[in-house]
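Reader: I would like to go through a model by way of its computed geometry. Please give the cut-offs as the terms come up.

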Amino acid sequence: MRGICFIEPLFKDTASGRKIVTRRMNDLYNVGEVLFLKEPYRIEPDNVIKYKFSSLQPDKEKWSNKLFMKADYARYFIKITDKRREHLQEISEEDCILEGVREGKCGNELKWMKAFYAPGDNQPYLTARSAFEELINRINGPGTWENNPVVTRYEFKLVDF
């Protein structure tokens, strides 16, 4: 079984069932394939597994690199339900939300306005696409959005395994 990595806020959104779409630069996974979510972890002397993303003091402990996590240690699994190739900038406002962009508001008690936020960021954006642009450039490097590469859009659902 293969694993998939997300940055911490997207991992949490995926584990909660809120994030159900991801775009990847490469066509790596197949419809019907079950993947485990990789996350930093540690194995205690009594063989209990602890996970950084649910730790109350994540910065005070040493964690194993999530890239080397084995499926045996995983606690969350997703099943790919659909995939298609498209240019990055073809993303819709709705898909930005399914990717983890959050809808909220900004302003003060005198005037509030609708805003969108990239996961892990407090900067408000006027559109979900603008927030997603920030997110994709943070994950894949500056200029990714502007280059508009062909990506694979994966839709998935949480499953028990």
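Reader: How many aromatic pairs does a search of the whole structure find?

Author: This is a predicted model, in which local features need pLDDT of at least 70 and side-chain atom pairs count only at pLDDT 80 or more, while totals for chains, interfaces and linings use all residues. Residues are numbered from 1 along each chain as its sequence is written, and side-chain values use heavy atoms, with hydrogens and water left out. Rings of Phe, Tyr and Trp (its six-membered ring) pair if their centres lie within 6.5 Å; planes under 30 degrees apart count as stacked, over 60 as edge-to-face and the rest as tilted. On that criterion, the number of aromatic pairs in the whole structure is seven.

Reader: Which kind of aromatic pair do Tyr29 and Tyr154 form?

Author: A pair of aromatic rings is described by the distance of the centres and the angle of the planes. For Tyr29 and Tyr154 the centre-to-centre distance is 5.4 Å and the angle between the planes is 65 degrees. The pair is therefore classed, with planes over 60 degrees apart, as edge-to-face.

Reader: How many residues apart in sequence are the parts that this pair ties together?

Author: Helices (H or I, at least four residues) and strands (E, at least two) are DSSP runs, numbered from the N terminus. Tyr29 lies in the loop between S2 and strand S3 (34–38), and Tyr154 lies in strand S9. The pair therefore links parts whose separation in sequence, in residues, is 125.

Reader: Is Tyr154 buried or exposed?

Author: Buried means under 20% relative accessible area, exposed over 50%, and partly exposed in between (1.4 Å probe, protein chains only). Tyr29, the other ring of the pair, has a relative accessible area of 6% and is buried. Tyr154 has a relative accessibility of 0%, so Tyr154 counts as buried.

Reader: Which helices hold Phe132 and Trp145?

Author: The ring centres of Phe132 and Trp145 are 6.3 Å apart with planes at 75 degrees, so this pair is edge-to-face. Both residues are buried. The pair ties together parts 13 residues apart in sequence, because Phe132 lies in helix H3 and Trp145 in helix H4 (residues 144–147).

Reader: In what order do the five strands of the open sheet stand?

Author: Two strands pair if DSSP finds at least two bridges between them. The protein has four helices and nine strands. Five strands form an open sheet with mixed pairing, in the order S1-S3-S6-S9-S2.

Reader: Which strands stand at the edges of that sheet?

Author: An edge strand has a single partner strand, so one side is left without a neighbour in the sheet. This holds for strand S1 (2–5) and S2.

Reader: How many bridges join strand S6 to strand S9?

Author: Strand S6 covers residues 77–87 and strand S9 residues 150–159, and the two run antiparallel. His87 stands opposite Val150 in S9. The number of bridges joining S6 to S9 is 10.

Reader: What is the bridge partner of Asn108 in S8?

Author: Strand S7 (residues 102–108) and strand S8 (residues 111–117) run antiparallel and are joined by seven bridges. They form a hairpin with two residues between them. The partner of Asn108 in S8 is Lys111.

Reader: Which element supplies the largest share of the lining of the largest pocket?

Author: On a 1 Å grid over the protein atoms alone, a pocket is an open set of points where a 1.4 Å probe fits, with protein on both sides within 12 Å along at least five of seven lines; lining residues have an atom within 4 Å of a point. The largest pocket is lined by 16 residues, and Thr22, Arg23, Arg24, Ile139 and Asn140 lie nearest its centre. Strand S2 (21–24) and helix H3 (128–140) each supply at least two lining residues. The largest share, five residues, comes from H3.

Reader: What is the volume of the largest pocket?

Author: Grid points are joined across faces, edges and corners, and a volume is the space filled by probe spheres set on the points. For the largest pocket this gives about 240 Å³.

Reader: Is Asn47 buried or exposed?

Author: Asn47 is found in the loop between strand S4 (41–43) and strand S5 (49–51). Its phi is positive, about 70 degrees, although Asn47 is not a glycine. With a relative accessible area of 62%, Asn47 is exposed.
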